[in-house]
Amino acid sequence: MGKEQFEEMDEEMTVELELDDGTNVTCAIITILEVEGKDYIVLMPLDENGQNDDGGLVLSLLREPQ
């Protein structure tokens, strides 16, 4: 694996979620895990500076888009 590929893997992947109240929150993708045949994603909500000072995480079941 070349140096560029390692640098690309080092970059933080993010997703933007729309909350029930219509606001959006950017989250860093921490990992995706499989538990009893189901896939879950672990996300870390980020503030406007790209930080997470409280250490909070979100665990969500992954589903195929409908």
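Visitor: In what order do the elements of the protein run from the N terminus on?

Guide: This is a predicted model, and in it the elements follow one another as α-β-β-β-β, counted from the N terminus. The secondary structure therefore comes to one helix and four strands, where a helix must be a DSSP run of at least four residues and a strand a run of at least two.

Visitor: What makes strand 3 and strand 4 a pair?

Guide: Two strands pair if DSSP finds at least two bridges between them. Strand 3, residues 38–46, and strand 4 have four bridges in the antiparallel sense, so they meet that condition. Among the bridge partners are Val 42 and Leu 59, the latter lying in strand 4.

Visitor: Why are strand 1 and strand 4 called edge strands?

Guide: The four strands form an open sheet with the order 1-2-3-4 and antiparallel pairing. Strand 1 (14–18) and strand 4 (58–61) each pair on one side only, and that is what the name edge strand records. From one strand to the next, the twist averages 45 degrees.

Visitor: How do you know what share of the residues is buried?

Guide: A residue is called buried if its relative accessible area is under 20%, and 12% of the 66 residues of the protein count as buried. The accessible surface of the protein comes to about 5900 Å², with 47% of it belonging to carbon and sulfur atoms.

Conventions: Residues numbered from 1 in each chain as written. Predicted model: local features only at pLDDT ≥ 70, side-chain atom pairs only at ≥ 80, totals over all residues. Heavy atoms only, no water. Buried < 20%, exposed > 50% of the residue type's maximum accessible area, 1.4 Å probe, protein only. Areas by Shrake-Rupley, 256 points an atom, 1.4 Å probe, with all protein chains shown as cover. Axes fitted to C-alpha atoms, helices over the stretch in contact; angles between N-to-C directions.
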